[in-house]
Every structure is written in structure tokens, then in C-alpha cells.
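Hello,

Here is the structure I promised to pass on to you. Have a look at it first, and then read on for what turned up in it.

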Amino acid sequence: VGQGRDLRLDKELRFPHSLGLLYSAVTAHLGFKVNGGEGKVMGLAAYGKPAFAAQFKELVRVREDGSFQLDLKYFSFHYDLVMTNCRFARLLFPPRPPESELRQEHCDLAATLQAVVEDAAVKLVRGMHAAYRMDDLCLAGGVALNCVANGALLERAPIRRLFVQPAAGDDGCALGAALYVHNRLFAGGRPRPMTSAALGPEFSDDEAQAALQEAGLSYARLAEPDLLARTAQRLAAGKIVGWFQGRMEFGPRALGHRSILADPRDPGMKDALNRRVKHREPFRPFAPALCAEDRDEYFAGGHDSPFMLLSFPVRPDKRDVIPAAVHVDGSARLQTVTAQSHPLFHGLIKEFGRRTGVPVLLNTSFNVRGEPIVCDPRDAVATFLGTGLDCMAINHFFIEKEAENA
């Protein structure tokens, strides 16, 4: 419970009883990598139904106040190097080998897990609200990266505002520790609200130019208005653009600093991105970025999502307008962008909207599957040359493969 400068621990659930570890256990059983594949399971859940609800009552007991207890006879993470044991497989089905075919039972298991986690989270928050009568909720931990569950909290729990730190997993402990020492121990005062994840390194035009020259690339150096205009024009023409600007994001989401951008109006763009650049599983959705002031025109939910950590239904009349950004269940994990927090990216979305009538861009991280998000200009150049990206805007420089081949 946070009040003023005080932070007080009133209640806790101790290891090994953890929703995060439950999610990781099912992730491993479904053949995905723990501490990385949980987001894939969240995306897969939309393709299934909670058909294993009865079995999950054996795996985890969720009480009405949201507290929960795993039945440890089905798990082995607390004493071994694997997540589950043979009892888990007998209760459900054998583990899926990595990269093997996905069957309906796999989708249904993901859907059941997602439903159980959402139910537990909602009950927890309802219980806390009844006890403390506080309307603002802050979340951290890996489960807080589950944008679908976060959206469910806003829809089903009695809270007014939700804040999720963009690096909500273990990496965010560094920031939390620094803020705690500054604010609580040294009485440094509460910092301004966190509105941007741009806490990482940035690189000068000279450093970007050196990387381009080392790779032998031709480029145009453009003033900011011309850079926005050219990038928006290429995006509107169906090009896939690498976007490298300012300080790198802190956390797992690319938020307009190290992004790959595309036109959400093209129903084939999701497959094109996967085939030519990302090489991801086809069931995984891509996220839309839009200006905060246009949020309610496209989404039902009524809450900003600056860190791409909330999922809301796309309004029915807009689903055919941005088909590449809409998940199979009609939702999307949106990013709302303000001119104050990210003026350049906001300006690009506005310019794209001016040209197309649709102020929304498809935004995914500037990397390929299995690699980290690019950090420095050399990373960006290598990914640009090694994938099917058409163009790249890096600082004030614009590069096109068609120009290279001309």
C-alpha cells in the first residue's frame, strides 16, 4: 500500500505459489521457452476455449478473495530444473515438442490458463479495493506484462487508474530499487509520473552516419519535417520501415524508438511482416500505435496505454479499417502516443493519418525472432540488411533498398 512517501507491505503470497510460475509451467508444457514464450501463450489463447477448466481446479485453487494455492504434486520447478512432472502430463496431455504442430488442445490449454489468471487477478483486486477503498492500482512482475489481463482488470475490477511500469519483469527491479532509495531512504521527493520508457542509450548523427558508411549504404540526410513526410509516404505506399530514433526503450516493448513500422490498413501486412522480417509464429498479433487523442475513435476501453501493456476491443466499425492490427478475437494491444512524451513518433503518426485518413501505424520491435531489440546504429544496419525491410529512418538519415539496387 502506497500513501504519500510510505510504501507498506500488508499481504503477500509466498513462493512457490505464483501465477507467474503457473503461466511459465504451461508455457513450457506448450513447447515455448520459459521467460520469453509467455507472451506467445497469451496470443495463442485467443484461438481456443477454456476447455480444461475442470483440470485447472486440480492444479490451482483460487479463493474468492483472489488468494491462490498451487497443488505442488503437479509441478517440479521448486525442486528440479523442469517446470512440471508426469502427473501434470497425465492430467492434461503430453508436452508439445518445441516447433511442432499446434493443435486445438494447445490453444484450449492456453485459453484456460489465461482465463484462470484473469479470474484470480480480478478477484485479488476486488478484494484489495474492498479492504482499502483505493482506486489507483500499480502492477509489477512478469504477469503485469499480460496486456489482456490488464485490460480485464480495467473492465471488471473497481479501479479508476492502472499503472504498469514498462519493464515490469525482473529488469524493472533496477529502476524500482533506485526510486525506492531516492524517495524513501534519502527523502529525495517523489519523481514526476513516468510517461516515457526512453531511458536507454542514444546515438549521435555522426555515429549513425559512420555505421551507414561502414556498410557502404547510400542515404539521404533530411530535416525533421522532410524525414516525417518521406517516412509517412513510404509507409502509405506499403513499405516496411525500420525506425531508429532517440534513446532506446527500457523494457521488452518497442515504443517508437527502436520499431519496425507498417501500414495497418493492408490485411496482408501481418503475413508480410512475418514472412519478410520477423519470422514469428503466424498466430502472434502485431500492435497498433495511435495518437492518444484518437484513441476513443478506434478502441473501447477509455484508458491510455503508453507502454503497450493494455489490450482493448477494436470498435467494430474500425476492424476492417486496420485489419493487420486486429487479433482474432477483435482486440488489439494498443500504444497511445502523446506529443509531450514522444513528439517525433507522434508527428509521424499524424503525418501518416493526414495522408491516409487513418492515424494508426503497425508497430513491432526492431529485431527478428530470437534476437534482442537493436540498440546501436550498427545493430540497426545489420538487421536492415539481413531482413526484408524496405526502408530505414535512423536519426536524420533515410535509406531505401530500392535506391541501393537502382
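Helix α1 (residues 19–29) is mostly covered, with eight of its 11 residues buried; buried here means under 20% relative accessible area, exposed over 50%, and partly exposed in between, using a 1.4 Å probe and protein chains only. The buried ones in α1 are Leu19, Leu22, Tyr23, Ser24, Ala25, Val26, Thr27 and His29. The elements that cover them include α2 (38–45), α3, β3, β4 (68–70), α4 (86–91) and α5. As for the names, helices (H or I, at least four residues) and strands (E, at least two) are DSSP runs, numbered from the N terminus.

Before going further, please keep in mind that this is a predicted model: local features need pLDDT of at least 70, side-chain atom pairs count only at pLDDT 80 or more, and totals for chains, interfaces and linings use all residues. Residues are numbered from 1 along each chain as its sequence is written, and side-chain values use heavy atoms, with hydrogens and water left out.

Gln114 is found in helix α5 and is buried, because its relative accessible area is 5%. Setting aside neighbours within four places in sequence, Gln114 is in contact (heavy atoms within 4.5 Å) with Tyr23, Met42, Ala45, Asn146, Val148 and Ala149. Tyr23 is one of the buried residues of α1.

The search uses a 1 Å grid over the protein atoms alone: a cavity is a set of points where a 1.4 Å probe fits but cannot get out, while a pocket is an open set with protein on both sides within 12 Å along at least five of seven lines, and lining residues have an atom within 4 Å of a point.

The lining residues include Phe56, Lys57, Arg61, Thr112 and Asp119. By kind, the lining divides into seven nonpolar, one polar and four charged residues, where Ala, Val, Leu, Ile, Met, Phe, Trp, Tyr, Cys and Pro count as nonpolar, Asp, Glu, Lys and Arg as charged, and the others, Gly among them, as polar.

Now to the sheet. Nine strands form an open sheet in the order β7-β15-β14-β8-β9-β13-β10-β12-β11, with mixed pairing; two strands pair if DSSP finds at least two bridges between them. The edge strands are β7 (220–221) and β11, each pairing on one side only. Helix α6 (residues 147–156) packs on the sheet, where it touches β11 and β12, and its direction makes about 65° with that of β11. Axes are lines fitted to C-alpha atoms, for helices over the stretch in contact, and angles run from 0 to 180 degrees between N-to-C directions.

Strand β12 (residues 331–337) has six of its seven residues buried. Three bridges join β12 to β10 (residues 287–291) in the parallel sense, with Ala289 partnering Gln335. With β11 (residues 310–313), β12 runs antiparallel over four bridges; there Phe312 stands opposite Ala332 and Pro313 opposite Ser331. Helix α12 (residues 343–356) lies across β8, β9, β10, β12 and β13 (360–365), at about 135° to β13.

Elsewhere in the sheet, β14 (residues 391–394) is covered on both faces: Cys391 and Ala393 on one side, Met392 and Ile394 on the other, are all buried. In general, side chains in a regular strand alternate between the two faces of the sheet. Strand β14 pairs in the parallel sense with β8 over four bridges, and four bridges also join β14 to β15 (residues 397–400), this time antiparallel. β14 and β15 form a hairpin with two residues between them, and Asn395 in the turn has a positive phi of about 55°.

Finally, Thr231 sits in helix α9 (residues 224–236) and counts as buried because its relative accessibility is 0%. Not counting residues up to four places away, Thr231 touches Val241, Trp243, Leu348, Ala393 and Phe398.

Enjoy exploring!
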